[in-house]
Amino acid sequence: MAVSFRNVTDPGSEDEYLELEVGNVANGGFCVARHEGRVVFVRHALPGERVRAWVTDRTKNFLRADAIEIIEPSADRVLAPCPFAGPGRCGGCDWQHASLPAQRRLKAAVVAEQLERVAGITRSVVVEEVPQPVEDEAYVRGPGLGWRTRVQFTVSEGVVGLRKHRSHDIEPVDECLIAHPGVELMGIERHRWPGASSVEGIVSASTGDRLVVLRERGRKRARVPRLEVPVRLVRGKPEPGKSLPYVREEVAGRLFQVSGSGFWQVHPGAARLLFDAVLEALEPKPGEIALDLYCGVGLFAAGLAERVGREGLVVGIESDAQAVRDAKFNLRDLPNVAIERGPVEEVLGDLEFGRADGSERSQNKRTTGHRGGARARGADIVVLDPPRAGAGKEVVDRVAKLAGRKIAYVSCDPATLARDLAYFSERGWTLESLRAFDAFPQTHHVECLATLVRG
């Protein structure tokens with residue numbers, strides 16, 4: 001039985017339509033088809049389907065298309081729960097038309113394909129569900145929904161919406177189904193925001209703290225509507241060194257202050273799951289030296305510090321000034337932790353672990369923490385959680401040289417993870433284990449944890 005999408009506007013002439021047999025999934029929320037020998041990346045389709053699609057973009061080497069009619073649907077196809085999902089509509093989700101088990105199989109296939117094609121690693125991959133803590137049953141939206149605790153809305157002429165796929169145009173919305181109920185309680189989408197360019201709603205699922213980050217269009221001051229619940233407000237670009245309103249996040253009995261739009265896992269269950277998974281992977285031992293690269297506000301550093309104890313040392317490196325201030329505040333009770341600010345690749349080349357005698361130490365070297373007054377140029381264990389662009393060759397090269405026993409690499413992009421694993425392999429490190437987590441249901445994104453050992 002054919003399936004047509006709701007609320008789809010006819011895009012143009014008949015020659016822009018293609019009938020396609022859909023093949024395997026590709027990284028980025030697409031499936032791959034072929035038309036007259038050319039690759040076609042198709043959204044809103046599933047492997048094995050026959051679809052009618054319209055062409056949205058043409059390049060010399062490939063086409064992009066949106067499936068607008070499903071002639072032969074997959075058994076994994078479901079009706080998208082969101083009225084704003086579909087061809088030409090909101091670009092925030094990629095897989096609402098697939099069941100959750102199917103979404104995880106698709107993501108697993110992408111991770112496995114990237115590992116094999118880019119890094120030459122053949123590995124069976126299972127994407128694990130991320131449990132969602134629920135304090136109030138009335139807030140439950142349904143499986144795969146209501147998880148996103150940080151949502152950035154775009155504003156056009158005062159109207160709130162979300163960007164369409166590969167476009168600066170917005171889809172006006174009055175509700176986002178993947179947004180955490182604490183974000184929806186604010187009612188951001190149900191108000192006009194004259195003079196704003198974007199509005200980010202942030203909620204801590206663990207403490208209930210709420211924050212709105214407002215970006216203004218031009219120099220004119222934006223008007224802030226009265227929201228349904230009290231919130232703290234960050235207006236405009238933060239001034240350097242100025243403290244910002246924050247939310248508090250709780251993991252393993254410790255509170256973490258996260259200021260403004262600072263980085264934190266958006267799924268309520270992801271931070272604790274990754275915290276536990278990293279410690280399990282690295283197996284920190286008392287007295288060891290640990291590095292936490294791209295440390296953010298100090299989540300992994302906190303767990304490592306407790307495991308290595310007072311005779312050990314944890315060094316966190318972070319480039320964002322506000323995150324460094326938050327990390328130092330969050331870990332102020334842990335004397336065996338030092339946080340260094342700067343680009344990871346620069347700080348790593350300028351860092352000495354331990355306290356060296358001043359007469360012996362060159363002035364351009366950083367010395368952090370202490371370990372019996374000794375100088376050390378390496379670390380026993382390393383965790384790195386880089387942005388989507390990955391660590392890159394320079395950082396991998398430095399980490400591969402200074403790490404001693406184990407490396408844990410947390411990644412939200414299978415392509416850059418595979419690339420960096422290939423770099424590590426060239427430098428004598430082997431993938432010991434890989435875990436993948438569905439920390440972003442309904443989207444193509446997936447969180448991975450790769451554990452590496454020498455040899």
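Author: Two strands are said to pair if DSSP finds at least two bridges between them; strands (E, at least two residues) and helices (H or I, at least four) are DSSP runs numbered from the N terminus. This is a predicted model, in which local features need pLDDT of at least 70, side-chain atom pairs count only at pLDDT 80 or more, and totals for chains, interfaces and linings use all residues. Residues are numbered from 1 along each chain as its sequence is written, and side-chain values use heavy atoms, with hydrogens and water left out.

Reader: What makes S15 and S16 antiparallel partners?

Author: Six bridges join strand S15 (residues 246–251) to S16, and the two run antiparallel; the criterion is at least two bridges. Within this pair, arginine 248 stands opposite glutamine 257 in S16.

Reader: Why is strand S16 called largely enclosed?

Author: Buried means under 20% relative accessible area, exposed over 50%, and partly exposed in between (1.4 Å probe, protein chains only). Five of the six residues of S16 (residues 254–259) are buried, so the rest of the structure largely encloses this strand.

Reader: How do you know whether cysteine 412 is buried or exposed?

Author: Its relative accessibility is 16%, so cysteine 412 counts as buried. Cysteine 412 lies in the loop between strand S23 (403–411) and helix H8 (414–426).

Reader: Why are H3 and H4 called oblique?

Author: Their axes cross at roughly 40°. Angles under 35 degrees count as roughly parallel, over 145 as roughly antiparallel, 65 to 115 as roughly perpendicular, and the rest as oblique. H3 and H4 are therefore oblique to each other.

Key: Axes fitted to C-alpha atoms, helices over the stretch in contact; angles between N-to-C directions.
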